[in-house]
Amino acid sequence: MNTKVLKVDQSHIDQNLIEQAADFIKNEELVAFPTETVYGLGANGLVPEAAAKIYAAKGRPSDNPLILHISDIEQLKPLVTDIPEAAKKAMKAFWPGPMTVILNKKAIVPDGTTGGLSTVAVRMPDHPVALALISASQCPIAAPSANTSGRPSPTKAEHVFEDMKGKIPCILDGGMVGIGIESTIIDFTGEHPMILRPGFITPEMFEEVIGEPVSIDPAVLDSNKLKGLAPKAPGMKYKHYAPKADLLLVSGDIDKVVGYINKKTEQAHDQALRVGIIGTDDTISSYHGDVILSIGTRDSDDTIAQNLYDVLRQFDHEDVDVIYSQVFDSGENGFAIMNRLTKAAGYDRIEV
Ligand code: TXA
Ligand code: MG
């Protein structure tokens, strides 16, 4: 299959390109498109045969449900049985934006989209290209992140091309995304709202808007990993975002972290191993590894979120045997960043 890449300028959207992409969606084909979080791999969310193509292209387990993307709040009502007050407040505050809500689904939403669950995930993305595509397609668009299952989510059209070339007919290229990590998922079907996946919108931001306590799925707090809890978002149980080389996180006072990683690098070199290092703009010149990449500025967690997946993907193109990384747990994105990075490292972390 030939994969067409259509470059769209966000500030002057060429409606002709959007219509070309929407035609694929209308014909039950797949289109990858930019959102403010990561690129999505879209299909008509109300047609099971279309959604099935997403699972095939990604190699995604079929019990892992998809998010339905809408461009207008009117599209929500036909999809869900009820919208609790707390959910209304959250949608008013955070849509369009990096928030996915879990609500009880109506029969019109096929089991092929929700992995057989009685609930459905819905999001209104804050990206002009995504909104234009959904609106031109005249249906809710089911879209997971547009990566091969198990690889880092795509934050650039080039990442999508790397994974989906020859497997899908169309990629809308809207340049690099703004946020860089997937939306916060919040479940409104229980007694109290519960965050199933951390993201740019934090528990505190929700509590301020909703005016009631918001809990976090205990299985998402990595300290609980060993207790063997099953996460409530099916996708959170898979080993995600793993780079090909072993990744080890090193936390502690930054001077000690640099010292430790340099010592480990020397030991690795003695064994003829090649070392990759993930640092920040202010630390990379202090390391002696073979491939040293900066993930952003230490005092701007927004830059770190934006570059996280790109850096992990870059290492897959490098010949390194082991990767050491600082931890990036500060700022409002710290929790969401570490949720992804900790999984990428297979929970390998040492404190120095
Ligand atoms: O930012 C995002 O959310 C991106 C962009 C493309 O919108 N999408 C994304 O989709 O990250 P995906 O498929 O990679 O992650 C969706 C997550 C999975 O962990 C899935 O298990 C969970 O949402 N999910 C979907 N429907 C659910 C439901 N009904 N109940 C609980 N979890 C659900
Ligand atoms: Mg994903």
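This is a short talk on one predicted chain and the surroundings of its ligand.

Some ground rules. The model is predicted, so local features need pLDDT of at least 70 and side-chain atom pairs pLDDT 80 or more, while totals for chains, interfaces and linings use all residues. Residues are numbered from 1 along each chain as written, chains are lettered from A and ligands numbered from 1 in written order, and side-chain values use heavy atoms, without hydrogens and water.

Now the overall fold. There are 10 helices and 16 strands in the chain, taken as DSSP runs (H or I, at least four residues; E, at least two). The C-alpha trace spans about 60 × 50 × 35 Å along its principal axes.

On to the ligand. Around ligand 1 there are 30 residues, each with a heavy atom within 4 Å of it. The closest are Thr37, Asn64, His69, Ser183 and Gly235. By class, 16 are nonpolar, nine polar and five charged; Ala, Val, Leu, Ile, Met, Phe, Trp, Tyr, Cys and Pro count as nonpolar, Asp, Glu, Lys and Arg as charged, and the others, including Gly, as polar. Strand β6 gives the largest share of this shell, four residues.

Next, polar contacts (N or O pairs within 3.5 Å). A backbone N or O atom of Gly235 is 2.6 Å from a ligand oxygen. For Asn64, a polar side-chain atom lies 2.7 Å from an oxygen of ligand 1. The side chain of Arg197 has an N or O atom 2.9 Å from a ligand oxygen. Of the 690 Å² of accessible area that ligand 1 has on its own, the protein covers 97%, by Shrake-Rupley with a 1.4 Å probe.

Definitions and conventions:
A polar contact is a pair of N or O atoms within 3.5 Å; within protein, one must be able to donate a hydrogen and the other to accept it, and residues adjacent in sequence count only if both atoms are side-chain atoms.
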